[in-house]
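Here is a short briefing on a multi-chain model.

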Amino acid sequence: MSYEPKIVGFLCNWCSYTGADLAGTSRVHYAPNIRIIRVMCSARIDPTFVLKALREGADGVLICGCHPGDCHYSEGNYKMMRRYPLLKKMLTDFGIEPARVRLEWVSASEGQRFAEVVNDMTQRVRELGPSPIQQTLAQDMAER
Amino acid sequence: MADKKLQIALYWGAACGGCDVAVLDTNEFILDVAAVADIRLWPIAADGKYKDIEAMADGELDLAIFNGGVRNSENEHIAHLLRQKSKLLVAFGSCAYMGGIPGLANLTSREKILETAYRRNPSIEWGNRVVPQPETKLNGKELEIPKFYRRVYKLDQVVDVDYYIPGCPPQPDRVRETLLAIVKGELPPKGSVVGAFDHALCEDCPRTKNEKKVKKFYRPWEIKADPDTCLLEQGVLCCGVATRSGCGVRCPTSGIPCRGCYGPPPGVTDQGAKLASAVASIVDSKDPNEIEEILAGLPDFTSFAYRYGVAASLLQRSYRQ
Amino acid sequence: MEEQRIGVYVCQCGTNIAKVVNCEEVVRALSEQPGVVVAKTYKYMCSNPGQEMIIADIQEHGLDRIVVAACSPRMHEPTFRKAIQTAGLNPYFVEMANIREQCSWVHDDPQVATDKARALTFGALHRVAKHEPLERMSVEMCPDVLVIGGGVCGMTAALELADGGNHVYLVEREGTLGGNVARVDLTAPYLDSARDLITALVTRVEEHKRIDVLVHSQVSSLEGFVGNFTATVETIWGDGASVSQFRVGNVVVATGYKEFDASRVVHYGYGKLPNVITSFEFEKMLRAGRIQTKEGKIPQYVAIIHCVGSRSKEFHTYCSRVCCMTALKYAHEVKSAIPNCYVSDVYIDMHAFGKGHEDFYKRGSEAKTLFLMYAKNDHPVIRKAGPGDDCEMLIEVNEKLSGEQIEIPADLVILMVGMEAREDSDAVARLVNISRDKDGWFIESHPKLDPVATTTDGIYIAGVCAAPKDIPDTVAQARAAAGRILAKTIRGSIEIDAVFAEIDEDKCSGCRVCNALCPYSAITYDASKKKSTVISAVCKACGACVAACPSGAIKARHFTDSQIFAQIEGVLT
Amino acid sequence: MRTGVFIVQANEEGLEGVNLHAVELYAANLPHVEKVRNLGVRPRLDPLALAEEIKASGLERVVIAGDSPGFFKPVFTRAMALAGADTDEVRLASFREHGATGMGTPRAESIVACAVYGVPFPLAARPGTTATVPGTLIIGGGVAGIQAALEIADAGKPVYLVERQPTIGGHMAMFDKTFPTLDCAACILTPKMVAVGQHEMIDLMTYSEVEDISGSPGHYKVRVRKKARHVDIEACVACNTCSEVCPRSASSEFDSGIAARKAIYIPFPQAVPNAYVLDEASCLYFESGGEKCGVCAKKCPKECIDLTEKDQIVEFEVGNVVIATGYDVYDATKIERYGYGKFPNVITALEFERITNASGPTGGKIVTKVLRHNKRKKVDEWVLDPEGPPPNRVAIIHCVGSRDAQHNPYCSRVCCMYSLKFAHLVREKLPEATCYEFYIDMRAFGKGYEEFAERIQAEGTYVVRGRTARIVEENGQMVLKGEDIVQDRMVDMPVDLVILAVGLVPARGSDRLAAMLGIARDEDGWFSELDYNSDPTDTERGGVFVAGACQAPKDIPDTVAQASAVAAGVLKSVNTGRGLDSRADLSLSEIEARARSLARV
Amino acid sequence: MAIRVNPKLIDELEVYGAEDVQNCYHCGNCSAVCPFSKEPYIFPRRPMRYLQMGLEDKLKGSLEPWLCYYCGQCSEECPRGAEPGETMMSLRRWLTSKYDFTGISRAFYKSGKVELFTVIGAALLTALGFVLWAVLRGGDINSYDGPNAFLPAASIHIFDWALAGVLLALLLTNCGRMWWFTLGRDKQLRTPFWLYLKKLYLLPLHFVTQKRFATCERKRPWAVHLALVVSYLIMLVLIMFFLDLMWSGPEIDWRVHVFGYIATVGLLGTTIFALRARLKKAEPLYAHSHETDWIFLILLIFAAFTGILQHILHRVGFDAAANVTYIVHLMGVVPMLGLEVPFSKWSHLAYRPLAMYFSAIRAEAKERAEKEAVEPTLAAQPVA
């Protein structure tokens with residue numbers, strides 16, 4: 001069987017999760033690879049969550065929040081916006097393609113866009129191939 | 001137990017020796033230890049043979065203090081051995097606890113390390129730049145040296161550990177308190193971090209803290225930081241916020257930002273990621289470009305945030321192909 | 001931890017889910033998991049029989065955690081919470097897996113969709129195991145209200161609140177109530193008497209037994225949080241001062257504005273040319289019935305210049321919103337008092353947007369007011385006229401509608417000074433813990449859907465202190481603030497959602513990383529204890545502080561790290 | 001105080017139902033009135049002559065009475081000054097502003113009485129209170145109705161929210177972004193809609209209309225017609241099966257008619273209540289008298305479609321009534337010169353909102369309509385295809401139907417800003433496109449609006465001062481004609497897409513509602529408030545409030561503020577159990593007596 | 001140099017008929033709907049603006065009012081009832097009074113009464129003069145033509161020519177002033193003589209055809225106007241050159257009389273139409289009638305009616321009646337020509353074609369100047 005990436009999505013409750021629901025109610029089909037986890041706000045997303053997901057076997061992590069200026073909590077999404085560059089830097093240093101993690105703004109009315117983002121993300125992660133993490137750690141263990 | 005002397009072993013894995021010095025730094029207390037304990041193994045200070053340990057009965061040792069990480073097969077072998085022979089195994093110092101400075105090597109690869117050390121190192125002037133192999137045939141004989149692993153492990157990634165004493169090195173006072181507690185049998189639940197507090201460094205740091213908003217980051221030498229104000233809010237990256245206290249706030253009180261050697265406070269899974277989260281959150285901008293610019297003031301953030309904790313981090317190592 | 005007993009319910013939603021997802025298979029996979037006691041699938045979990053099934057199972061099998069794999073939790077989470085509560089479980093012991101909107105409706109390969117549904121349900125299962133019982137709390141709400149500012153806005157808010165049964169402390173810095181409107185003769189565009197408006201309000205305020213008016217007074221401190229503030233007010237009487245202190249539940253900030261200082265616009269010569277006056281000075285003339293030059297002459301030419309200090313690069317970028325209509329009012333008033341006077345009105349854009357405004361503008365045209373348009377940032381220049389001219393001054397304008405460089409004769413020039421945040425707005429903002437925008441106006445909680453609340457619970461802003469506006473819009477805001485407060489005080493207490501952030505004091509190192517992150521100022525720092533605390537009544541549970549807390553001291557209730565970690569593990573199984 | 005009453009008319013038409021002669025006689029009999037004179041219509045008053053008159057009669061107080069006496073106040077004030085009298089003693093008796101229109105001569109007389117006594121009319125004519133029942137009827141489920149409902153219900157008081165459409169949300173739900181912050185309308189509105197739908201204190205009646213309201217302040221009896229929806233709201237899971245099998249379609253109201261919906265449909269996915277509705281008018285089953293079709297009912301997996309359902313009449317009693325009926329947009333077909341309805345790519349603002357909305361028929365892609373052959377109908381049709389060509393030149397025409405003596409004389413208040421927003425959306429999605437705004441005055445008056453306008457221009461949108469005169473077709477290309485006033489040249493420009501910034505008009509049925517409640521509407525049809533300045537959300541009738549655009553065009557923040565303001569009015573009455581009575585019911589003698597007693601104080 | 005605004009001008013223009021111009025809020029709709037409004041002559045908005053601001057010199061130098069034919073589209077669509085069409089009409093009246101150096105025109109426009117009395121006076125004077133002259137030279141009231149003719153054709157012819165000469169002189173002076181205001185005094189504009197020659201053809205073209213008027217969306221006003229102009233011109237030619245043939249009789253000389261009848265029908269028909277329309281305010285063009293408009297129309301219909309009446313009377317043999325009627329006819333014609341042509345409404349017969357001619361010259365001169373200067377930017381500039 002060909003490789004199907006596993007993607008974990010962290011979505012804010014007010015815009016993106018609602019947008020994903022809208023994709024559903026609008027029956028906009030998209031790649032099934034994403035597993036969505038709901039948080040109240042993208043500001044709740046700790047980089048640790050992303051590392052945790054990668055460590056647990058995710059091949060990609062998608063973070064979605066309200067568009068800048070749209071945040072239900074006025075500026076939570078800016079907090080995520082600030083963490084993102086640092087997170088990418090860290091991933092690069094750990095030798096993980098930063099493209100495996102992606103931050104997108106998806107509003108509650110953008111069901112279609114959510115689907116496009118997921119499809120695009122899935123495609124890109126598919127091109128990157130499986131995440132090396134679990135395999136490498138297994139190889140480390142095997143060596144001992 | 002009072003009538004019988006404690007049976008103790010000390011060992012260093014991938015370490016600098018500082019931890020052993022820290023034990024000595026307990027000063028005269030070490031003599032008290034010697035009074036109540038038999039030191040059965042201490043490679044840096046006393047002569048002891050691995051085979052003596054191997055010969056012991058399981059659980060014959062009361063306490064094994066392991067400092068340093070596990071970098072090669074020898075380290076691992078001794079770790080297993082001590083685990084088997086000792087009632088208590090303590091990971092002593094940041095390296096045993098988290099991989100420590102040697103753990104930074106996990107951000108590169110074994111091949112690169114060997115390449116640098118044996119082939120590309122500018123100081124190598126002699127020989128034919130041979131990279132040592134675990135097994136070598138020389139004059140028909142087989143020579144063996146410990147196998148250099150692909151990466152560094154922290155101790156508990158190899159064996160079951162009872163207690164952890166963080167620090168690079170652990171503070172002598174903490175060491176003393178801990179040893180006393182062990183002697184007295186006043187031990188916290190297994191798996192605890194001992195010799196350190198359950199809160200972050202800032203709590204003990206005398207610098208004044210204000211609401212934090214940072215427009216620009218500085219390397220320590222780039223700014224004459226106010227001695228009484230929190231370094232982080234002045235734009236100097238200090239790990240204290242995401243580091244367990246116990247060191248006595250030595251660095252920040254000397255004007256040096258905390259380097260995080262005591263590891264994450266309880267409740268924090270990944271020290272570096274948490275530090276990143278906190279530091280980025282206080283960046284004072286809403287403009288993506290400006291944010292990038294401000295964060296560019298933190299070169300090599302990863303090595304800084306995981307100075308001691310790469311091996312203990314969620315990702316543990318680099319995956320660069 | 002004692003063994004958990006979890007029930008898993010997979011909804012088929014008719015065929016909405018079942019058409020694509022093999023619900024039986026999901027149930028089978030789940031039933032093999034540790035802790036799962038019951039796993040079932042049903043046509044409609046949200047239906048009464050579905051809910052009753054859960055309730056019966058809880059009672060029969062002693063379930064203590066429930067997973068419902070169905071539609072979006074945004075749709076039916078309240079339904080299932082209510083159901084398990086009926087069965088005696090804490091409502092937060094249910095977790096939903098969204099296998100309709102985010103699975104069966106967006107995928108069509110049954111195998112793939114079933115796999116995903118299983119993964120999502122695993123996520124919910126792992127998560128629910130970490131759930132903690134949560135309780136809603138309530139905090140007492142003091143019904144008394146502090147209103148800062150005794151202008152039209154403050155008085156309206158005070159009356160509204162007092163009429164609604166609340167006790168109000170109305171604090172005014174000046175010696176009399178009325179604010180800026182008290183300086184005005186007529187209001188635009190209906191030319192009603194401003195004095196009648198103020199008289200009516202002041203009379204009612206002073207007569208109201210539930211309003212305490214404190215003039216010559218200032219709020220010197222405000223401690224506490226929503227429902228429970230303590231206000232200290234300093235009153236300065238001619239020679240002495242007194243301090244009063246009272247408890248209030250909410251605060252309305254209605255501090256209004258101050259007029260722009262016209263002398264800052266150098267080329268208008270205000271302060272140098274005697275017959276260049278500001279709008280408020282003209283109001284004085286109107287009230288005295290003496291529209292005349294400093295020399296006592298009846299002007300033959302009156303010119304009105306709009307946007308003085310407003311809509312300009314140099315001063316304020318914003319529009320002061322009321323000046324256009326006020327200027328039109330002046331044009332009418334000049335024509336009324338001096339029928340043979342020529343009025344020129346020099347404007348940028350005519351902001352006649354409200355009820356009756358456009359008609360008022362048209363009447364101005366009909367009365368032959370000469371409207372002249374200049375470009376933003378290309379200010380007219382006023383100079384003294386020569387001896388040969390039949391006027392005092394000449395105003396040079398690059399007139400946009402004709403494209404000509406022109407000179408307007410004027411004996412009297414009225415500068416329509418804009419509105420400006422008061423110089424003490426900074427202090428007020430700090431006092432009540434709200435923020436100001438770049439222009440010094442107070443920032444509302446949400447510019448659209450919450451224009452009178454602020455990010456600090458219990459602090460409301462109304463009227464011009466939030467941005468320039470005319471009297472009806474100010475009154476609407478004053479009443480809106482009162483309405484919001486009445487709605488809360490009527491209940492007597494504030495319900496606090498069970499989901500909020502809390503700080504473990506033992507773990508908090510007092511680093512204050514979180515302090516500035518809270519958009520609602522829910523985090524306070526106790527300098528003596530060197531600890532931060534979240535006021536749960538104020539927290540809105542976004543979790544920004546939780547993610548940022550470097551010492552892991554802050555916990556997001558119902559969104560804890562361990563719950564989310566568990567869900568991550570679950571969905572990736 | 002020797003008082004002179006001068007009656008003067010500011011408008012040619014005068015005031016309907018006010019007998020000025022009677023007012024004269026009445027005024028002459030009031031105490032201290034020395035002189036009453038009718039100055040006629042729009043007189044040119046000479047201050048010197050007036051001063052002489054004041055002096056001659058020794059007047060200490062002057063009352064100017066009439067439809068808009070303020071217009072004459074300055075000349076009287078000047079005359080008072082010239083006569084050496086107290087200029088503060090020029091009092092206004094404003095008939096129009098205090099509701100003499102419709103209330104007739106006694107009201108005008110009472111206004112004069114107050115002025116003669118020197119007492120503000122609103123103070124003297126403040127009605128007493130009356131016992132009030134706790135329920136509140138809110139008519140209209142747009143953002144104003146939603147806000148008011150939540151505000152009142154959150155206080156624990158019962159609310160009946162009646163909405164004509166099958167879902168609440170109103171116009172705001174149709175919008176893409178909101179100016180000037182550009183946040184997404186759905187993101188901020190849908191949580192509120194959901195809250196309304198789930199609120200235990202709100203009895204939500206969608207697809208319903210108020211048939212009758214009777215009773216008095218504090219006790220209004222309301223009759224509501226719940227139109228047969230044919231779908232059980234509680235049971236429906238919004239699965240779309242019915243819609244899929246439905247053979248009939250009609251144009252979607254929610255999509256401003258630019259897309260189709262089925263006869264059984266849900267207006268939009270986030271509708272509240274989240275349930276389908278069967279539109280009898282477009283349904284084959286009802287058209288055939290129940291002979292044909294009915295497939296939806298058969299296929300509904302939850303069996304929640306009842307084709308036999310009939311309209312239902314519900315009756316209840318409330319203490320307060322909130323009118324939040326909003327607005328309709330101006331019918332652009334009335335302005336032939338813009339070719340709306342003739343040129344496929346001349347669209348209205350609401351249509352553009354749906355096109356640019358990510359949940360709209362093009363998925364948010366801004367495209368022009370293309371000519372396609374409809375095989376079934378065998379005709380060529382202009383259709384909106386998401387893959388259709390994007391426009392290169394977009395013209396946005398302001399003041400369509402507004403500020404025009406031949407259409408609506410008033411300014412619609414929101415169009416300038418939403419037009420600028422459109423330009424932003426076009427430029428954001430189609431950076432290659434050129435965008436032109438044709439305006440008369442750029443009315444960017446609100447918080448952050450001016451900055452927004454500047455930003456849009458900085459983004460490269462061309463703003464042209466000059467109303468567009470015509471859209472014509474030349475060689476198959478739409479051409480826009482106008483004058484660029486500031487640049488002094490004619491605009492003769494090919495365009496691909498024209499967006500008409502249509503103005504706002506009172507919602508359909510406002511007249512009926514006004515008649516039912518006995519409240520007035522202004523000359524433009526908007527509901528009249530009690531007092532322009534001090535009571536913008538109250539009406540002459542006690543317990544009847546107006547909020548939002550139904551009172552006059554308004555943007556979202558101002559609408560929300562009014563909705564909360566209305567909540568204050570409602571809550572203070574239900575909290576104390578007593579609400580304000582109708583001012584309309586106060587008699588002349590009561591008001592006069594009040595004024596007399598207040599004057600002594 | 002800044003131009004001084006004169007807020008009083010708008011009051012002055014009120015008597016010329018510009019009663020609503022202050023209502024204009026400059027949306028530009030009028031200029032855009034006007035089929036003639038093309039660069040560099042954008043109107044009616046801009047002249048209205050000059051009027052609001054009282055830029056008298058700008059207005060005096062404007063040709064725009066003459067380029068308008070008052071189809072009324074602008075007034076119909078005006079969102080604020082500012083009556084741009086009527087404003088342009090008023091400006092034409094005002095300009096007529098400005099071109100006229102005698103001040104008579106101004107007096108006429110400022111007061112209908114003055115004009116009316118002048119017309120009546122002139123009529124009475126005419127009657128008196130002709131009667132006296134006829135009686136003194138012993139004319140026979142019963143004789144229409146022949147040697148004893150009460151009013152001999154040859155003499156009348158001479159009178160006609162004399163009158164025409166005076167009128168032409170007055171009109172030419174006014175035209176000269178018009179040239180000076182619009183082209184002559186503009187120092188910045190270089191208008192070489194060849195340009196005048198090059199565009200000369202425009203004068204007769206527009207004079208005869210009113211070609212431009214035909215461009216209006218509404219065709220009827222143009223058709224009516226054309227009929228009037230053609231009728232008038234026919235009559236002018238007949239009278240100036242073929243008066244003797246017209247006079248001869250009693251047989252009808254079809255060579256000339258057929259034209260005479262056509263012209264009479266044309267004159268009567270168009271004036272009756274115009275009067276009716278003005279009374280009914282049928283179209284925007286006819287909605288606002290200045291006193292001068294009434295006087296002009298009444299004179300015209302009066303002249304046409306009396307003209308044909310005296311002709312008929314003569315043909316049927318009532319020569320005495322014909323002679324009396326002829327005097328009455330002259331009472332209409334003389335003031336009509338003598339006052340209306342140089343001082344009032346009728347002067348536009350000269351100013352319009354001249355304006356067309358001048359505007360073409362100016363446009364080309366401007367274009368040449370601009371070409372020499374920098375290329376203008378074509379795209380609209382964002383107003384930053």
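Two residues are in contact if their C-beta atoms, placed from the backbone, lie within 7 Å. By that rule chain A and chain E do not touch, and their nearest C-alpha atoms are 25 Å apart. This is a predicted model: local features need pLDDT of at least 70, side-chain atom pairs count only at pLDDT 80 or more, and totals for chains, interfaces and linings use all residues. Residues are numbered from 1 along each chain as its sequence is written, while chains are lettered from A and ligands numbered from 1 in the order in which they are written.

**Chain contacts**
- Among the seven pairs of chains that touch, chains C and D have the most contacts.
- Chain B and chain D share no contact; their closest C-alpha atoms lie 14 Å apart.
- Between chain A and chain D, 17 residues of chain A are in contact with 17 residues of chain D.
- On the chain A side, helix H1 (16-25) and helix H4 (111-128) each supply at least two residues. Helices (H or I, at least four residues) and strands (E, at least two) are DSSP runs, numbered from the N terminus.
- That side of chain A has five nonpolar, nine polar and three charged residues. Nonpolar means Ala, Val, Leu, Ile, Met, Phe, Trp, Tyr, Cys and Pro; charged means Asp, Glu, Lys and Arg; the others, Gly among them, are polar.

**Chain A fold**
- Chain A has five helices and four strands.
- Their order from the N terminus is β-α-β-α-β-α-β-α-α.
- The radius of gyration of chain A (over C-alpha atoms) is 15 Å, close to the 15 Å from the globule rule for 144 residues, so chain A is as compact as a globular protein of that length. The rule is 2.2 Å times the number of residues to the power 0.38.
- Of the 144 residues in chain A, 74% are buried, meaning that 20 or more other C-beta atoms, placed from the backbone, lie within 10 Å of a residue's own.
- Among chain A contacts between residues at least 6 apart in sequence, 81% join residues at least 24 apart.

**Chain D sheet**
- Three strands of chain D form an open antiparallel sheet in the order S26-S27-S28. Strands pair if DSSP finds at least two bridges between them.
- Strands S26 (468-474) and S28 (489-495) of chain D are at the edges with a single partner strand each, so one side of each lacks a neighbour in the sheet.
- Seven bridges join S27 (residues 477-484) of chain D to S28(D).
- One bridge pairs Met478(D) with Val495(D) in S28(D).

Methods:
Buried ≥ 20, exposed ≤ 12 C-beta atoms within 10 Å, placed from the backbone.
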